[in-house]
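Student: Could you walk me through reading strand pairing, a disulfide and a core in a model?
Tutor: Gladly; let's take them one at a time.

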Amino acid sequence: QVQLVEYGGGLVQPGGSLTLSCTASGTIFSIYTMGWHRQAPGKQREYVAAITAGGSTNYADFVKGRFTISRDNDKETVYLQMNSLALNDTAVYYCAQGRGGATFRGFDVWGRGTQVTVSQ
């Protein structure tokens, strides 16, 4: 059974940085696209970023230039480095495994999420 566990959420001030990590188990991590999504209170879950098995990356427009996704296949971990955080980045951030390894779309395994709160 595939399990994804997110770490690294917390409280940060506007303009600050935070790095999320997601460790996988029960899967062949290296062959799948991995992604991050988020859900703010009262809103639908939205795509944030993804990285293919080959290391290509894709970002939602609202995080381009601020967030960086990366992966360490040896550690079976995907990261999301978040800089210049704003109040509207507050959300629960979810890690997800893609259905394949070459596209940025289609995720079918999800973690439970980690809360990121940006506040003064």
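Student: How many bridges join strand β1 to β3?
Tutor: In this predicted model, β1, which covers residues 3-7, is joined to β3 by five bridges, and the two strands run antiparallel.

Student: How many disulfides does a search of the whole structure find?
Tutor: One. Two cysteine sulfur atoms count as a disulfide when they are within 2.5 Å, and here C22 is joined to C95 with an S to S distance of 2.1 Å.

Student: Why is the disulfide of C22 and C95 called left-handed?
Tutor: Look at the torsion about the S-S bond: for this pair the value is about -75 degrees, so the disulfide is left-handed.

Student: Are C22 and C95 buried or exposed?
Tutor: Both C22 and C95 are buried.

Student: Which residues have the most contacts inside the largest nonpolar core?
Tutor: They are W36, V78, L80, M82 and Y93, in a core of 28 residues. Next, ask which strands supply it: β3, β4, β5, β7, β8, β9 and β11 each give at least two residues. The largest share, four residues, comes from β3.

Conventions: Residues numbered from 1 in each chain as written. Predicted model: local features only at pLDDT ≥ 70, side-chain atom pairs only at ≥ 80, totals over all residues. Heavy atoms only, no water. Core = buried A, V, L, I, M, F, W, Y, C linked by side-chain atoms within 4.5 Å. Buried < 20%, exposed > 50% of the residue type's maximum accessible area, 1.4 Å probe, protein only. Pairing = 2+ DSSP bridges.
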